[in-house]
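Thank you all for coming. I would like to take a few minutes to walk through one model, beginning with a cavity and then turning to a pair of helices.

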Amino acid sequence: MGAKAARRRGVLDLEAQFAFFRSQHRHPVNAAAHALLTWPILFTNLLILHFLPLPSPVDPALALALVYAAAYLAVDRRAGALAGLLFVAAWAASAALAARLGFAASWRLVLATQLFCWTWQFLGHGLFEVRSRTDSEKFDSIPFPSPLAFSIIKIKLLAIDGSNADLDACVFNFSCRKQSLQKKGPTVSDLPQVFLMEPFLIFLQMLNKLFDYEPYPGFYKNVDKKVEADLRESRELKQRKTT
């Protein structure tokens, strides 16, 4: 989803958040990587927080679990309550594991888990994630060096021809391609929302697949409409840029 659509998304706007999540996880490998590896990342986050040198009454792991639980309860009382219970259970399990392993073994487990899970999540987005595009849109999704090399060749040919106007247009065309590439996928400003909401969106998706659950009637139909509207808007913007 583009940056403009992302700015319209509220943190607790469940339909918009789920539509954005769907648009960013279309490839089955990427979707599976996030479904399987997001919660282990959260669990190991809770695990390492038990070793922060804070005063005894303060429990940062419990505070983090309660923040997530409260956010999920705010967007959907039924699924949110269940997800909140899972977070509390994860906090209790992480506390027991931290007491059993100690810091020396815990930080190694956390490091190995985080490296493995984040690597696969980045690979899921960087290598496997493919959106539905026209042939011309697929050209825009080529990694950065390819349009750069293509533009350099065009610039050299136009420079030989002596057409400064065409040269300026070519440079502008390249800058538009670069901006288009940079806007694909989550931006830095999206990260707080992604870290907060993505575990619940994955949980909600699993509930739907296993039990046909939806927060309210028509939820997934509305999400589908938002995804289609975003894709249609993206195609129209690309068409206007090429004309």
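**A cavity and a helix crossing**

Let me start with the lining of the largest cavity, to which α2, residues 14-24, and α9, residues 191-211, each contribute at least two residues. Please keep in mind throughout that what you see is a predicted model. The largest share of that lining, five residues, is supplied by α9.

How many cavities of 30 Å³ or more does the structure hold? There is one, and the volume of the largest cavity comes to about 60 Å³. Eleven residues line the largest cavity, and those closest to its centre are Phe20, Phe21, Val194, Glu198 and Leu201. Sorted by class, the lining comprises six nonpolar residues, four polar ones and one charged residue.

I now turn to the annotated spans. An unreviewed UniProt entry carries the annotation "transmembrane region" for residues 31-52, 58-75 and 82-103. In the model, residues 31-52 are 86% helix and 0% strand, with 33 Å between the end C-alpha atoms, while residues 58-75 are 89% helix and 0% strand, with their end C-alpha atoms 27 Å apart.

That brings us to α4, which covers residues 60-75, and whose axis comes within 10 Å of the axis of α9, the two crossing at roughly 65°. The crossing of α4 with α9 is right-handed. Which residues make the contact? On the α4 side they are Tyr68, Ala71, Tyr72 and Val75, and on the α9 side Phe195, Leu196, Met197, Pro199 and Phe200. By class, this contact between α4 and α9 consists of nine nonpolar residues, with no polar and no charged ones.

To close, α9 takes part both in the lining of the largest cavity and in the crossing with α4.

Key. Residues are numbered from 1 along each chain as its sequence is written. This is a predicted model: local features need pLDDT of at least 70, side-chain atom pairs count only at pLDDT 80 or more; totals for chains, interfaces and linings use all residues. Side-chain values use heavy atoms; hydrogens and water are left out. On a 1 Å grid over the protein atoms alone, a cavity is a set of points where a 1.4 Å probe fits but cannot get out, and a pocket is an open set with protein on both sides within 12 Å along at least five of seven lines; lining residues have an atom within 4 Å of a point. Grid points are joined across faces, edges and corners, and a volume is the space filled by probe spheres set on the points. Helices (H or I, at least four residues) and strands (E, at least two) are DSSP runs, numbered from the N terminus. Ala, Val, Leu, Ile, Met, Phe, Trp, Tyr, Cys and Pro count as nonpolar, Asp, Glu, Lys and Arg as charged, and the others, Gly among them, as polar. UniProt positions are given in the numbering used here, feature names are shortened, and annotations may be inferred rather than shown by experiment. Axes are lines fitted to C-alpha atoms, for helices over the stretch in contact, and angles run from 0 to 180 degrees between N-to-C directions. A crossing is left-handed if the near helix is turned anticlockwise from the far one by less than a right angle, and right-handed if clockwise. Contact means heavy atoms within 4.5 Å.
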